[in-house]
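Subject: Structure handover

Hello,

Here is the structure for you to look through. My notes follow below it.

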Amino acid sequence: MSADLVIVANRLPVDRVEQPDGTPGWRTSPGGLVTAIEPVMRANDGTWIGWPGGTDAGLEPFEADGMKLVPMSMTQAEIEGHYEGFSNGTLWPLYHDLVAKPEFHREWWDAYVGVNRRFAEKAAELASEGATVWVHDYQMQLVPQMLRELRPDLRIGFYLHIPFPPAELFQQLPWRRQLLEGLLGADMIGFQLPGGAQNFVRLVRQRVGHKTHRDLVYLPDGRTVRAAPFPISIDAAGFESMARSEPVARRAEEIRTALGNPRKVFLGIDRLDYTKGIYARLRAFSELIADGHLDVEDAVFVQVAVPSREQVEQYRILRDEIDRLVGRINGDLGRIGRPAISYLHSSYPREEMAALYRAADVMVVTPYRDGMNLVAKEYVACRFEDTGALVLSEFAGAADELRQAWLVNPYDINGMKSALLEAYRADDKETRRRMKAMRKTVTQHDVAAWADAFMNDLAEVPGSHGKAVRPAKRS
Ligand code: GDG
C-alpha cells in the first residue's frame, strides 16, 4: 500500500460500533473534518492514519466509505500520557489562553514524543515517492519534523484546529523549542486566524532564531516554511438541505411542542468543555429570569452538552458544576412543566442537531476562546428563511467572519445579559438583515473552499518538496 496523499490525525474519521449481529464494525464519524477531506482523499486515493479509540492492538488497515484507513493502536499508558495528559491536560488549556491551568509533566511529554514518532514512522512507510502528507492538530505537532527526517522527499502540510497562543503564554512550555521545531518540518502550517500565524512566526524568530519575512520562515538548510491563516468552515449546502427536509421540519415542530411552545427558544450546543463558557451563559440567562426580564412561560434555554474527555479530572469537575447549576436554576426559577433550562448531557445524530438549529430562535455560542466554532456556522447554514439570532463570543474564531452576530465578551456577565435580551427582543427586520449577511459568508466560504485553499497553497510553497497534490474537482 502506497499513497500520494496521507492524512495524519490523532483520530480516525470512524467510530467503532457493534453491528446488529454482534460483530465489531465501523461508522464514519459525523465531523466536519471528514466532509472536508473526503473529496480530496477520493480524488487522490488518499490514506488516513489515526487512532480509532480504545486499546485494541493489531487492527488491520481497512476501507470505510471508500476511504483507506490505517488504525494506530495506543496502550493505556499512551492514552493517559499522550492523549489525556500532554494533549488535553497541557496543550489544550495552554493554547486556550489558560482558561484552565495547564499541567507540565515530563512523563506526559515522553508519551507525546513516542506517539508522534510512531505516527510519523507509519506515514513514512505509507507515503509514495514525493507524496503529500497533511498532518492535523495539536496532538501531532512533532510529526512534521520527524517525518521530514525520515522522508525528505515529501511535501508536508500541517493544520492547527485550535488557537495558537501569544508568545507570553507559549513560553511557559518546558518543551517550547521542540514543538516549534516539530512544526517547522512542514512546508506550510495553517492556522484558523491571522493572529495565530503571526504568534507562531514571532516565536520562531525569537526562540529559534530563524530569519522571517511576513508569513515566511527561512531555514538554514534552504527550506522555506509558510505560516498562514485558513479559517475552517462547514458543509453549508449539506446542512441547509438537511434543515429544509421534511423529517427535520417535523422534528423541529415536535421539539417546540415538547418545550411547551414558548415564544422563544434559546439554544447552546457544545462539547462539555471548560473553554466553551457554558456555566457563565446559563447564569446570564437565569439572571434575566430572576430579574423579571424574561419569564419561563416565554423563554426556555435548551443546552446540549456533548460528553467529552470524561477521564480528565477538570472535565469531571465541570460536569458536576453544571449539573449543580442547572438543578439550582430550575429549582429556584422553574414552574411545573416549565424548567428554565432543558439540559441534555448526550450526543445526537446530525439530523437531530439540524432540527434543534431549526427550532431555535436565539443560538448562544459563548466560548472564552475557540479556534473557530463550527456550531455557530452550522446554525447560520440551517436558517434558510433568514430568521434567528446568533449571540457569539468575540473570542471564537468565527467572530472574525460573522460580524453581524450579537457579539459578546463572555467574561462580562452583564454585557452577555444585555446581548441575550437584545437578541430576544430584536424585530424581524433586524434579525433578517443580520442573518442574510452571515448566510452569504458561510455559503461562500464553505469547507470545500477551505480544503481547496489549503491544498492549492501547499502545492505552491516556494522551494518545497514532493509532487503537488491538487484539490478534488468539485461540481
Ligand atoms: C475543534 C476546535 C474548531 C457536536 N455535538 C454533536 C455533534 N457535534 C459536532 C458539531 C460540530 C462539531 O461537533 C464541534 O465543532 P466545534 O467547532 O463547535 O468545536 P470543537 O469540537 O472544540 O472543535 C474548534 C474545530 O475543531 C474545527 O477546526 O472550529 O474551534 O476547538 O460540527 O456539529 N455532531 C453530532 N452529534 C452531536 O451530539 N452528530
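**Sheet pairing**

Ser-393 has Val-408 in E18 as its bridge partner. Strands here (E, at least two residues) and helices (H or I, at least four) are DSSP runs numbered from the N terminus. Two strands pair if DSSP finds at least two bridges between them. Strand E17 covers residues 389-393, runs parallel to E18 and is joined to E18 by three bridges.

Both belong to an open sheet of six strands, in the order E15-E14-E13-E16-E17-E18, with parallel pairing. Strand E15 (341-344) and strand E18 (406-408) are the edges, each pairing on one side only. Neighbouring strands are turned by 20° against each other on average, direction ignored. Axes behind that angle are lines fitted to C-alpha atoms, for helices over the stretch in contact, and angles run from 0 to 180 degrees between N-to-C directions.

**How to read the values**

The model is predicted: local features need pLDDT of at least 70 and side-chain atom pairs count only at 80 or more, while totals for chains, interfaces and linings use all residues. Numbering starts from 1 along each chain as its sequence is written, and side-chain values use heavy atoms, with hydrogens and water left out.

**Aromatic pairs**

There are 26 aromatic pairs in the structure. Rings of Phe, Tyr and Trp (its six-membered ring) pair if their centres lie within 6.5 Å; planes under 30 degrees apart are stacked, over 60 edge-to-face, the rest tilted.

Phe-86 and Trp-109 are edge-to-face, because their planes stand at 65°, with the centres 5.3 Å apart. This pair links distant parts of the chain: Phe-86 sits in helix H2 (residues 76-95) and Trp-109 in helix H3 (residues 106-126), 23 residues apart. Phe-86 is buried, at a relative accessible area of 0%. Trp-109 is buried too, at 8%. Buried means under 20% relative accessible area, exposed over 50%, partly exposed in between (1.4 Å probe, protein chains only).

Trp-134 and Phe-454 are stacked, 4.3 Å centre to centre with 10° between the planes. They lie 320 residues apart, Trp-134 in strand E7 (residues 127-136) and Phe-454 in helix H16 (residues 447-459). Both are buried.

One aromatic cluster is made of Tyr-95, Phe-164, Phe-170, Phe-191 and Phe-200.

**Charges over rings**

Arg-309 lies over the face of Trp-92, 4.1 Å from the ring centre. The test is NZ of Lys or CZ of Arg within 6 Å of the ring centre and within 35 degrees of the ring normal.

**Ligand site**

The ligand is surrounded by 20 residues; the closest are His-161, Tyr-348, Asp-370, Leu-374 and Glu-378. A residue counts as near if one of its heavy atoms lies within 4 Å.

The side chain of His-161 has an N or O atom 2.7 Å from a ligand oxygen. For Arg-271 that distance is 2.8 Å. A polar side-chain atom of Glu-378 lies 2.5 Å from an oxygen atom of the ligand. A polar contact is a pair of N or O atoms within 3.5 Å; within protein, one must be able to donate a hydrogen and the other to accept it, and residues adjacent in sequence count only if both atoms are side-chain atoms.

**Asp-427**

Asp-427 lies in the loop between helix H14 (413-425) and helix H15 (428-444). Asp-427 is partly exposed, at 48% relative accessibility. Its side chain reaches the backbone nitrogen of Glu-430 at 2.8 Å.

Best regards
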